[in-house]
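Let's take a look around this protein together. Start with the sequence and structure below, then read on.

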Amino acid sequence: MQLGMIGLGRMGGNIVRRLMKNSHSCVVYDKSADTVREFAGEGAKPSQNLADFVKQLSVPRAAWVMLPAGHITDETIVELSELMSADDIVIDGGNSFYQDDIRHAELLKPKGIHFVDVGTSGGIWGFERGYCMMIGGDKKVVDHLDPIFKTLAPGRGNIDRTPGRDRRDPRAEEGYLHCGPVGAGHFVKMVHNGIEYGVMQAYAEGFDILRNVSSPVVPENRRYQLELPDIAEVWRRGSVISSWLLDLTAIALAADPQLTQFTGQVADSGEGRWTVQAAIEEAVPAEVLSSALYTRFRSRQDHTFAERILSAMRHEFGGHQEPGTMTGD
């Protein structure tokens with residue numbers, strides 16, 4: 001099957017490579033002409049601009065947009081709406097806000113162009129491992145694209161089957177799922193990433209506790225010099241908290257036990273915020289996810305104004321000095 005890919009970054013590029021490796025054909029476009037030439041050398045059909053890109057796609061066309069969420073994705077879909085025809089398909093596989101999907105589908109619908117949103121998980125490992133995909137859109141359109149999704153998905157691998165799934169959608173066991181109408185895919189992926197924030201925060205705090213048990217504030221007879229790379233490794237094997245995130249943590253700790261190359265400033269790409277906003281709208285308590293999101297905000301500041309307020313209050317009610325300003329009294 002043929003697919004057009006707009007955006008050849010770490011995920012978009014590897015999606016193209018995985019498809020071509022499995023006999024699909026790809027037309028590619030990226031703002032970097034050098035990147036387009038690189039993929040042309042690997043067997044993809046290059047294009048110079050979006051008009052040229054659309055022209056090279058076979059009817060009915062399928063164009064996958066794999067760009068950062070927000071303005072650039074919006075701008076690209078608007079331009080595609082002027083270039084594509086009835087029964088063509090625009091796929092947004094980035095981390096877009098699900099409400100933007102609904103708006104994009106409404107933009108394309110009067111022209112008969114279909115819209116599909118794909119929440120895509122797999123990161124830089126997707127070429128080898130495959131991509132877990134959460135898909136939103138009309139069933140007929142999603143079914144038409146099934147050869148693409150099936151190729152990109154991880155497949156069943158060696159994971160044991162879940163008991164009682166005999167009458168449920170078998171695609172979930174392959175690593176991809178049609179979640180519902182337009183926006184449903186990105187909504188599920190949004191919550192997926194919110195959960196990811198919480199799981200990552202739990203690991204981070206746990207390893208911080210392990211590391212600081214050797215601190216001078218701990219009584220000497222309860223201080224331990226623990227090997228974090230080895231703890232991460234043993235937890236990977238048979239532990240109830242084993243996961244791919246733990247696998248990645250073990251890789252990082254094995255390479256650099258002190259993680260000296262990292263500053264600890266943690267970005268958020270939007271999905272955590274949107275998940276918390278959805279929880280508020282639904283009146284669903286989400287303490288862990290909210291806390292994990294706020295910790296990411298906190299990581300980008302040396303000291304917040306709130307902490308200065310705390311310090312000032314402690315000084316005013318109790319004469320407490322900040323560390324490093326003690327008078328010796």
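## Cysteines without a bond

There are zero disulfides in this structure, a disulfide being a pair of cysteine sulfur atoms within 2.5 Å. (Buried means under 20% relative accessible area, exposed over 50%, and partly exposed in between, using a 1.4 Å probe and protein chains only.)

A quick word on the model: it's predicted, so local features need pLDDT of at least 70 and side-chain atom pairs count only at pLDDT 80 or more, while totals for chains, interfaces and linings use all residues. Residues are numbered from 1 along each chain as its sequence is written, and side-chain values use heavy atoms, leaving out hydrogens and water.

Helix α2 covers residues 33-41, and its buried residues are Thr35, Val36 and Phe39. (Helices are DSSP runs of H or I, at least four residues; strands are runs of E, at least two; both are numbered from the N terminus.) Those three cover an arc of only 100° around the axis, so they're on the same side of α2; the arc is taken from the directions from the helix axis to the C-beta atoms.

On the face turned away from the buried side you'll find the exposed residues Asp34, Arg37 and Gly41. The buried residues of α2 pack against α1 (10-21), β2 (25-29) and β3 (45-46), where contact means heavy atoms within 4.5 Å.
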